[in-house]
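Subject: Structure handover

Hello,

I am passing on the structure below, followed by notes on what was found in it. Please read them with the model open.

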Amino acid sequence: LHSLEGHSGWINAVAVTELCARHGIAVAGVTKCVCGEPDVARAMLAGGCTMLADSRLANVARMRDAGIEAPILLLRLPALSEAADVVRLCDLSLVSEVDTVRALSAAAQTQDASHGVILMVEGGDRREGVMPEDTAAACRDILALPNIELAGVGTSLNCLCGVLPTPENQQTFAGIVDRVETELG
């Protein structure tokens with residue numbers, strides 16, 4: 001562990017995780033820009049990241065092959081054809097369609113595993129997500145699937161179309177979350 005001190009991944013992780021911890025926020029270290037380099041992943045974890053996140057399954061496999069057992073989030077929507085690999089390699093993934101979650105559920109059942117999902121909600125950026133008015137119904141469908149844990153809902157802003165986060169669109173998203181929690185407990 002001491003060999004990671006001074007590593008830029010460790011220094012950055014400590015700075016970010018300490019700042020976020022003061023506000024009750026846990027940090028996922030994103031490894032996609034370093035192609036899942038195991039030493040950087042270890043430095044991020046040693047620096048306080050509670051999870052890793054990557055958009056490429058090959059990068060996740062590289063970290064798993066190097067013995068990294070920390071929770072890993074697939075930081076993109078999985079393809080139906082990748083369901084088995086996603087469940088095998090990742091603990092959590094972003095999803096926009098219940099059909100994808102059904103495929104993940106089937107793969108998780110086959111592997112006698114559990115898989116977490118975060119349902120993405122369209123926030124105006126036209127990148128990903130169910131329409132806001134369909135969120136509760138999609139969550140209800142997901143909650144009924146075996147071997148799947150609905151870990152939460154999320155949204156993406158300032159990515160594809162440059163819709164900036166504003167107090168208004170963040171409050172709109174918070175309202176969606178409140179409605180889902182009220183309807184589904």
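In these notes, buried means under 20% relative accessible area, exposed over 50%, and partly exposed in between, using a 1.4 Å probe and protein chains only. Helices (H or I, at least four residues) and strands (E, at least two) are DSSP runs, numbered from the N terminus. The model is predicted: local features need pLDDT of at least 70, side-chain atom pairs count only at pLDDT 80 or more, and totals for chains, interfaces and linings use all residues. Residues are numbered from 1 along each chain as its sequence is written, and side-chain values use heavy atoms, with hydrogens and water left out.

The 13 residues of helix 5 reach 18 Å from first C-alpha to last, close to the 18 Å expected at 1.5 Å a residue; the expected span is 1.5 Å times one less than the number of residues. Just after helix 5, aspartate 112 has a positive phi of about 50 degrees.

Next is helix 7. Its buried residues are Asn169, Phe173, Gly175, Ile176 and Val180. Seen down the axis of helix 7, these fall within an arc of 150 degrees, so they line one face of the helix; the arc is that of the directions from the helix axis to the C-beta atoms. The buried residues of helix 7 pack against strand 5 (115-121), helix 6 and strand 6. On the face turned away from the buried side are the exposed residues Pro167, Glu168, Gln171, Glu181 and Thr182.

Which helix gives the most to the lining of the second largest pocket? Helix 7 does, with four residues. A pocket is an open set of points on a 1 Å grid over the protein atoms alone, where a 1.4 Å probe fits, with protein on both sides within 12 Å along at least five of seven lines; lining residues have an atom within 4 Å of a point. Helix 6 (135-143), strand 6 (148-155) and helix 7 (167-184) each supply at least two residues of this lining. Among the lining residues are Cys139, Leu150, Val180 and Gly185.

Lastly, asparagine 59 lies in helix 3 (residues 57-65) and is buried, with a relative accessible area of 7%.

Regards

Methods. Contact = heavy atoms within 4.5 Å.
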